[in-house]
Amino acid sequence: LDFEIPLPPLPEQRRIVAWIEDLCAKIEEARGLRSRSIIQTDTLESSATVEAFAGISRALRLPIREVAEVRGGIQKGPQRVPGNSPVRYLTVVHVQRNHISLSDPRFFEVSSEELKQWRLEAGDVLIIEGNGSPAQIGRAALFRGEIPDCVHQNHVIRIRPNREVIDPEFLNSYLNGPPGQEEVHSRSRTTSGLRNLSLGRIKEITVPVPPLDEQHRIATHLATMQEKLDMLKRLQAETAAELDALLPSILDKSLKGEL
């Protein structure tokens, strides 16, 4: 192969190799620190939620069916192929934990009467009925009206809270936090490796129902905490990208004789 590389004197080659090896060791150390910081961030997120709900351990607990309207979504079928009345719908892929993904838009054919029945409203809590991963079963997200005239597929269950009794932000935080997830997992069944909650089981999940002002306080506190943690996670991701790009850049410079 005709491939030219700069060939400095041996002492200079050894200096560059030693420098690169030292840099590699420092990059690996930085990656280790980043991994530990991610674990600490996840632990902090979990402990903050546990602490917030521990303060209302004596609050009245009610099944979701008593504090919200719960209903399934639209099942896929040939009649749902988009035609004259396409309406955007959300699937399991779109309902991530604590947020709605707006990418990969999908559409159903939905009549005006059906749209009245299934249209999502700001404040609806969406929860996944089944998932192959135990860690993802029952993950929930609050729909904030991001998409007008939007419906949901049958594997996504809509929980519409009675706002005179329970705050949507509070309910979403509880379902996604360790206390709520513990009950979600206890109610899910495993069939051929697929965990499934079912509509009926979701209705029976119990939630604490303290006074509304206390619910608002907890929801606001957790939302503020989540914003800070999300910012930290973005910085962690940026650091990872920078670390991944650093070594190839240094090697490229070394082969060009720029070190």
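This is a predicted model: local features need pLDDT of at least 70, side-chain atom pairs count only at pLDDT 80 or more; totals for chains, interfaces and linings use all residues.
**Thr49**

Start by selecting Thr49, which lies in helix 1, residues 10-54. Its relative accessibility is 11%, under the 20% cut-off, so Thr49 counts as buried. Show the side chains around Thr49: leaving aside residues up to four places away in sequence, Thr49 touches Ser173, Gly177, Pro178 and Leu222.

**Helices 4 and 5**

Next select residues 168-176, helix 4, and residues 178-187, helix 5. The two axes come within 4 Å and cross at roughly 65°. To see the contact, display Tyr174, Leu175 and Asn176 on the helix 4 side, and Pro178, Pro179, Gly180, Gln181 and Glu183 on the helix 5 side. By type, the residues of this contact are 4 nonpolar, 3 polar and 1 charged.

Now move to the open sheet, where 3 strands are arranged in the order 6-3-10 with mixed pairing. Colour strand 6 (106-109) and strand 10 (150-152) as the edges; each of them pairs on one side only. Viewed strand against strand, neighbours in this sheet are turned by 55° on average, direction ignored.

Finish on strand 3, residues 86-90, which runs antiparallel to strand 6 and is joined to strand 6 by 4 bridges. Which residue in strand 6 is the bridge partner of Val87? Select Phe108 to see that partner.

Methods: Residues are numbered from 1 along each chain as its sequence is written. Side-chain values use heavy atoms; hydrogens and water are left out. Axes are lines fitted to C-alpha atoms, for helices over the stretch in contact, and angles run from 0 to 180 degrees between N-to-C directions. Helices (H or I, at least four residues) and strands (E, at least two) are DSSP runs, numbered from the N terminus. Contact means heavy atoms within 4.5 Å. Ala, Val, Leu, Ile, Met, Phe, Trp, Tyr, Cys and Pro count as nonpolar, Asp, Glu, Lys and Arg as charged, and the others, Gly among them, as polar. Two strands pair if DSSP finds at least two bridges between them. Buried means under 20% relative accessible area, exposed over 50%, partly exposed in between (1.4 Å probe, protein chains only).
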